[in-house]
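The structure is shown first, and the terms follow as they are needed.

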Amino acid sequence: MRRSVARRLYAAVATMAVAGATGVVMAMPQASAAVAGGATGYATQNGGTTGGAGGQTVKATTGTAIHTALCNRASASTPIIIQVEGTINHGNTAKVSGDSCNTAAGVIELKQISNVTIVGVGNGAVFDQLGIHIRESSNIIIQNVTVKNVKKSGSPTSNGGDAIGMESDVRNVWVDHATLEASGGESEGFDGLFDMKDNTQYVTLSYSTLRNSGRGGLIGSSETELSNGFVTFHHNLYENLDSRTPLLRGGTAHIYNNYYVKLNESGINSRAGAKAKVDNNYFKDSKDVLGTFYTDAAGYWQVSGNTFDNITWSAKSSENNPAGPNPTSNTSVSIPYAYTLDDASCVPSIVAATAGANKGLKVSDGSCTPTTPTQTPTPTPTTPNPTDPTPTPDPTQPSGTNLSLTAGADGSSKASGTSYGNVRDGSLSTYWSPSGSTGSVSVKWGSATSVAKVGIRTASGSTLGSWRILNGDTGAVLATGSGAKVVSISKTSLKKLTLDITSTSGTPKIAELETYAG
């Protein structure tokens, strides 16, 4: 396919100074959040996306320091927030080894890990010619970063030419306020800006800028690789791209309030049975912005509220099915989460004010006005004072992170007004109850998780009789007991843990089913 973007580049951004090869990793007080607002779109489903919330906060100024922070954790699932400032490049990004990481040189490698936030701070974080690779991982947040000029051919190369790439059983990723850009198309050595393949699901890209590339991004690597989906794109700027905004093979995408300008060959390419819900976007000075292109494997779309401003549509053929010139819906898509639409008429202005890195993390208030969401104050580096008193820990509260906070939940029948999810929301005021005096409730993860302690906490006024803790994968009994308590079990790697209530008087109210690695 013709690659025209190299001849259409806008004014180049001034080159940023390259940081030194040595990074600084500074431990900071534990913080409950590192990012403004919270995840949106499909990233809120499947248990939600919280990244490193609740974990240690560190600061890194090199890629090696980012890898070191990951490798210094107690486990691959220990939450961590990594604040990044400066230019991250090949010269300062080396492989680091450890039990809680699987890194590589020449790329930011987020492999076989979970519960991580990477957020740009201070004067900004620029990943220069260095991609971010997410593989076999879950619950990842990337916010307020610039990734530019990542190549798959030429020198240097990184991440297969993708600015951000996800593959192999990835779940729950939120990329927000990012700037992803190249300096040409495939013939110049660049590939996609935001790619997902090989069973990647529950992803949101929001308030980001993608520009000056041949390929925006894909969901699925071939017409038969259809295991990806449940992706939301909202309030993004797509500028001066040849195609793939995105290319969607199978799966479902929700695409709303984006501004598309100068899409040179095609835009949203829904194919191979994919379904795209396309709401209140603004398309300008572009060609074939929606349809099925370069294949006879049809895809589908539901459209409403979009503005098409100076759009050129090609003729239909066996492998070219543009939705225009008068796009109408050919499917329906049900969206499981709440969202608010800006009117398409204000999308160019609201996206200009909010999308991309270093925009103050501003978002739309739902009425076309930029606003800054509530933000937890950023912790500052501290050195412990030897005269500070040591706090007395709660003897009933295990140390470490409650792994259930990032898990999903299910169970047997439930009493009216209660929810399975209440047992992993961190609140003692909400709870799950069985429909009778006995029943079971479970927490579950997308990948195997090591658990050594279980905390059973009941709501005020509840009684709890006998119970069993079960390995939900095998049915094996891990512990038995009665009443609300914290119990130690043999450290077990599992995807599902179940509390099975075998007898009680009255109806138990299980507020929290907590799990800990040690």
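## Cavity

On a 1 Å grid over the protein atoms alone, a cavity is a set of points where a 1.4 Å probe fits but cannot get out, while a pocket is an open set with protein on both sides within 12 Å along at least five of seven lines; lining residues have an atom within 4 Å of a point. Grid points are joined across faces, edges and corners, and the space filled by probe spheres set on them gives the volume.

The model is predicted: local features need pLDDT of at least 70 and side-chain atom pairs pLDDT 80 or more, whereas totals for chains, interfaces and linings use all residues. Residues are numbered from 1 along each chain as its sequence is written, and side-chain values use heavy atoms, without hydrogens and water.

The whole structure contains one cavity of 30 Å³ or more. The largest cavity has a volume of about 50 Å³, and its lining includes F194, F233, Y238 and R244.

## Largest pocket

The largest pocket has a volume of about 750 Å³. Among its 33 lining residues, S138, W445, G446, S447 and T449 are the closest to the centre. Strands (DSSP runs of E, at least two residues, numbered from the N terminus) contribute to this lining, and β31 gives the largest share, seven residues.

## Second largest pocket

The second largest pocket has a volume of about 320 Å³. Of its 24 lining residues, T40, Y207, H234, Y256 and S364 are the closest to the centre. Both β10 and β28 (363–364) supply at least two lining residues.

Note on methods. Helix = DSSP H or I, 4+ residues; strand = E, 2+ residues; numbered from the N terminus.
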